[in-house]
Amino acid sequence: SLDAVTTYGTYGEGGGPDGYGYQADYPSQEEDAASDATEGHDEEDQMYEGEYQGIPHPDEVKAAQRALVTDTISDLEELSEQYEDIMEDCGHGKFQWTLFVVLGLALMADGVECFVVAFALPSAEKDLCLSNAEKGMLGLVVFLSMMVGAFLWGGLADKLGRRRCLMVALAINCVFAFLSSFAQGYSFFLFFRLLSGIGIGGTVPIVYTYFSEFLQMEKRGEHLSWLCMFWMMGGIYASFTAWGVIPRYGWGFSMGSEFQFHSWRVFVLVAALPAIMSLVGLTFMPESPRFLLENAKHDEAWMILKQVHDTNWRAKGQPEKVFTVTHIKAPKTAEDEFIEIQTATGTPVQRWAVRSLRICKLVCTWSNVASLLSAELRFATLFMAIIWFCMAFSYYGLSVWFPDMIKHLQHEEYESRLKTFHGERVENFQFNFSLENQIHREGEYIRDKFVGIEIKSVKFEDSLFEDCLFEDIRSTDTTFENCTIRSTIFYNTDLWKEKFIDCRMENNTFEHNKHGCHLDTTDENDVLVYLVSFLGSLAVLPGNIISALFVEKIGRVRIIGGSMLISAGCSFFLLLSFSQSAIIALQCLFCGVSAAAWNGIEVVTVELYPASKRATAFGVLNALCKLAAVLGSSIFASFVGITKAIPILLSFTALVCGGLVALRLPDTRQKILQ
């Protein structure tokens, strides 16, 4: 490797006959500025006052700035073309496939994160004593934290590096996902899931940016589309593990009444495995050479490109093929020079502080976002923002609406089987069978025993209980309203004062009753919930395959526009569906078609922006996507049980608008990554 570095040459020298040498013979900036400033003037013109003090003329400063910008643009264009030639010379092989798996696991972790809280919530709400407002906040914090993470890590990845930021983001996700599984209170669980979401929010913008910079133009669209399949695999993994772990209530332990570790907590731990595996894999992967070249780190970039080249050709059985590149042109921006000047003096701590402060200002200010609205990027950013928002609003809104609507239909069917008992009188009887979905009005229960049974969705109204025994009772959604309860013993039950509404209690005994919330061992996690999510994730597979195979032949723009318009048609047909099976079938069709649109959107986002702004743009657009997801899921869920016309029409309108805007995008199939 020492010999290879020796042949690298100096930055002003050209390469050999087979290399990608570059001859840079520019005049100095001072000469350019002077010639530009004096052009069109004669010697008899009035002399600038500040010249005596050595102060440059304002026109000279402007001319120097224009020259620097012109040179930088020229250098970037040359770098883009040369980099594409180098990637073609490196080929597509073992290195890219290894990186494909490692980054795919990170994308899979993002997909899992979207389902973890939803699957764990039915059990967690009993274990953590959650109110409806607290459950809603848990669901909301997932997308809000991922929105913050996407914005933050996208900007940082353009300043600090793709690999470094992705590793830190995944590490944050793993640590706080682990801690959340042990959190015994709602506040700590919410806080840990918030930080976990901020970590995993950076995966999508970084993964696509990182992987695209190791792909040649003819492979880019296809392999980025194949990478999208891992998000689908995340949904399948989450559904499968939730179904396999959460109902196994024996998979846990407790340490007194203060510390409980039930099966849903095991699921939270298992859900973090893809992120852990990706984090381990990234330790063996290099930084993006394109990022290094953008930051004038020529030697490191050259060594990594040589590693890619040698790895691929060695795996193809041609180890003798030599990496012939001797020099790569990399522009040095004014921003780089500023940071170098600021960090060249002072103590190590001061230099670190200056650099950190500079990076924070670049990433955490609106100027970072405003750079995406420059003259050359303004329309691309506006169009992509509309497309991302419309697609996310409809996709995530309907993703919440589908299972909620199915639950609503199940509830209606359940209520239709409600049994009502009026004026019954039961004496000296032992109830040894469960009571479910019943209403008992004006009944009398004298010296009866309710032992070792479950009472689920039962309401006792205006009834009398006298000399009765309730022992080892588990209840769900059960109340006693306006009843008289006299000389009755409650032993080891969960029947507390909240269950007795406007009741007269006379000489009753409560012993060894269950305190606070408890986790029922009944199947409160309906298998249909997991099945619907599993089928929705699996239905993405055909869309992924079709988009990967035809993204280069048909084009990204047609795939995005066509898929969004077809998805709009699928959502419209929901108006004609009135059964669970019809809704599930349309959900699968909608998810499958939407997958093709998502793939095209992500590929185009990578290709429209230059390397210095690629991750930032992806992060901003992905943050907008999560905001749309919050709005869509909240609005659509509010209409469940009221009307389905409004959510469907909102989804239809958004998809049609997004699809029509997508058709105005430029075709980027033959575009070299800038």
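# Notebook: strands, a surface patch and cysteines

I began at Phe470, which stands opposite Phe490 in strand 14. My model is a predicted one, so local features need pLDDT of at least 70, side-chain atom pairs count only at pLDDT 80 or more, and totals for chains, interfaces and linings use all residues. Residues are numbered from 1 along each chain as its sequence is written, and side-chain values use heavy atoms, with hydrogens and water left out.

**Entry 1: the strands.** I looked up what a strand is here: a DSSP run of E with at least two residues, while a helix is a run of H or I with at least four, both numbered from the N terminus. Two strands pair if DSSP finds at least two bridges between them. Strand 11 (residues 469-476) pairs with strand 14 (residues 489-493) in the parallel sense, over 4 bridges. I then asked which residue in strand 17 is the bridge partner of Phe490. I found Phe510 there. Strand 14 and strand 17 (residues 509-511) also run parallel, joined by 3 bridges.

**Entry 2: the patch.** I found a nonpolar surface patch of about 500 Å², made by Leu273, Ile276, Met277, Val280 and Phe284. Patch residues have over 30% relative accessible area and no salt bridge, with nonpolar side chains joined within 5 Å and like charges within 9 Å. A salt bridge would be a Lys or Arg side-chain nitrogen within 4 Å of a carboxyl oxygen of Asp or Glu. Areas come from the Shrake-Rupley method with a 1.4 Å probe. Leu273 lies in helix 12 (residues 273-282). At 40% relative accessibility, Leu273 counts as partly exposed, because buried means under 20%, exposed over 50%, and partly exposed is in between.

**Entry 3: the cysteines.** How many disulfides does the structure hold? I found 0, taking a disulfide as a pair of cysteine sulfur atoms within 2.5 Å. Cys114 is buried, at 16% relative accessible area. Cys483 is in no disulfide either, with the nearest cysteine sulfur, that of Cys503, 4.7 Å away. Cys483 is buried too, at 0%.

**Entry 4: the whole chain.** I noted 24 helices and 17 strands. Of the 674 residues, 50% count as buried.

Conventions: Buried means under 20% relative accessible area, exposed over 50%, partly exposed in between (1.4 Å probe, protein chains only).
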